[in-house]
Amino acid sequence: MCGPCLVGAWSVRRPRAGAGPRLNPPVLRVARPTDRLAEVTRFYLEAFGFERLASFRDHDGWDGEVLGQPGAAWHLELVSRHDGTPAA
């Protein structure tokens, strides 16, 4: 896990019979570190109407929430370190 970072990824789906591979559009994920994960998450959910797409706990010392709109080509990932140190 890193501090603020940008991630783009292509994924390949199983093709239909007789068709070539289908590529999903890339997803841009912007990670934002915070020491107030619950408060900042609530802000984005309520103020902007984002949805919680995923969340994780204790991934190498990080907790996080992935927010956005289902099917959108972007995600906002809010991350927080357990030890309280700022993200590098």
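## The chain at a glance

Of the 88 residues in the protein chain, 26% count as buried (under 20% relative accessible area with a 1.4 Å probe, protein chains only; exposed is over 50%, partly exposed in between). This is a predicted model, where local features need pLDDT of at least 70, side-chain atom pairs count only at pLDDT 80 or more, and totals for chains, interfaces and linings use all residues. Residues are numbered from 1 along each chain as its sequence is written, and side-chain values use heavy atoms, leaving out hydrogens and water.

The chain has one helix and seven strands, in the order β-β-β-β-α-β-β-β from the N terminus. Helices (H or I, at least four residues) and strands (E, at least two) are DSSP runs, numbered from the N terminus.

## Aromatic rings

You'll find six aromatic pairs here (Phe, Tyr and Trp rings, the last by its six-membered ring, with centres within 6.5 Å; planes under 30 degrees apart are stacked, over 60 edge-to-face, the rest tilted). Take F43 and F48: their ring centres sit 5.6 Å apart with the planes at 85°, so this pair is edge-to-face. F43 is partly exposed at 45% relative accessible area, and F48 is partly exposed at 48%.

Ring pairs also tie F43, Y44, F48, F50 and W74 into a cluster.

W74 belongs to strand 7, which covers residues 74-81. With 32% relative accessibility, W74 counts as partly exposed.
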